[in-house]
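Dear colleague,

I am handing over the structure below, and I would be grateful if you could look through it before reading my notes.

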Amino acid sequence: MAKVRDGDLDRLGLLFERYKKPLYGFFYGLNRQQELSEDLVQNTFLRILKYRHLFRDEPTRRLNGGDFRAWMFQIARNVNNDHYRGNKIKAKEELEDWQDKLGHNENMSTEMLQADTHEMLSMAMERLPMEKREVLLLSKYQEKKYHEIGEILGCSEGAVKVKVFRALQELKEVYKQLEKQM
């Protein structure tokens with residue numbers, strides 16, 4: 001990213017190829033819409049290009065400081081929020097599960113749609129508020145560390161742990177309600 005910031009814009013294509021799948025998984029997990037997720041990935045990279053001068057590669061733990069993935073996901077989060085705010089679209093409640101049902105690979109959202117258990121988990125995730133879905137997607141599907149999520153969300157590592165725990169609890173409750181209905 002430092003080379004892109006310094007004017008080597010051809011490198012942005014490499015970053016796009018490397019990170020488009022994790023970003024797509026993040027957006028798809030939030031909105032469950034393929035076309036919208038693809039658009040949001042593109043918008044994220046347009047914003048990365050626009051604000052590349054703000055990226056700092058010093059090895060600090062501060063946002064804009066060294067960790068491109070954390071910086072990119074914060075931009076992605078802002079793109080998603082702006083999309084819903086700008087279009088006044090009420091975000092559908094999204095999916096996710098409790099800890100023991102979650103996998104740890106970036107293609108999990110696709111796999112979730114293929115299995116019955118994962119389908120129900122997806123339904124449960126869709127019923128969670130956006131903030132809880134987001135924190136679960138970052139922690140479980142994007143495998144971000146709590147301190148990285150804290151940088152993205154603008155809160156402490158301890159606050160992230162609490163948010164993840166509460167999101168998992170609510171997901172578990174929603175999932176159990178769905179099981180009873182089936």
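Confidence is highest in helix α3 (residues 34-50), with a mean of 92, and lowest in helix α5 (residues 108-114), where the mean is 54. There are also two stretches to treat with caution: pLDDT stays under 50 over residues 61-65, for which the model has 16 contacts beyond four places in sequence, and again over residues 89-97, for which the model has 53 such contacts. Where pLDDT is low, the predicted coordinates should not be read in detail.

Helix α8 (residues 146-153) is mostly covered, since six of its eight residues are buried, namely E148, I149, G150, E151, I152 and L153. Directly after α8 comes G154, which takes a positive phi of about 75°.

The largest pocket has a volume of about 310 Å³, and of the 14 residues that line this pocket, those closest to its centre are R77, M130, E131, K132 and E134. Two or more residues of the lining come from each of α4 (68-86), α7 (130-141) and α9 (157-181), and α7 gives the most, with five residues. Sorted by class, the lining of the largest pocket has six charged, six nonpolar and two polar residues.

With best wishes

Key:
Residues are numbered from 1 along each chain as its sequence is written. This is a predicted model: local features need pLDDT of at least 70, side-chain atom pairs count only at pLDDT 80 or more; totals for chains, interfaces and linings use all residues. Side-chain values use heavy atoms; hydrogens and water are left out. pLDDT is the predictor's confidence in each residue, from 0 to 100. Helices (H or I, at least four residues) and strands (E, at least two) are DSSP runs, numbered from the N terminus. Contact means heavy atoms within 4.5 Å. Buried means under 20% relative accessible area, exposed over 50%, partly exposed in between (1.4 Å probe, protein chains only). On a 1 Å grid over the protein atoms alone, a cavity is a set of points where a 1.4 Å probe fits but cannot get out, and a pocket is an open set with protein on both sides within 12 Å along at least five of seven lines; lining residues have an atom within 4 Å of a point. Grid points are joined across faces, edges and corners, and a volume is the space filled by probe spheres set on the points. Ala, Val, Leu, Ile, Met, Phe, Trp, Tyr, Cys and Pro count as nonpolar, Asp, Glu, Lys and Arg as charged, and the others, Gly among them, as polar.
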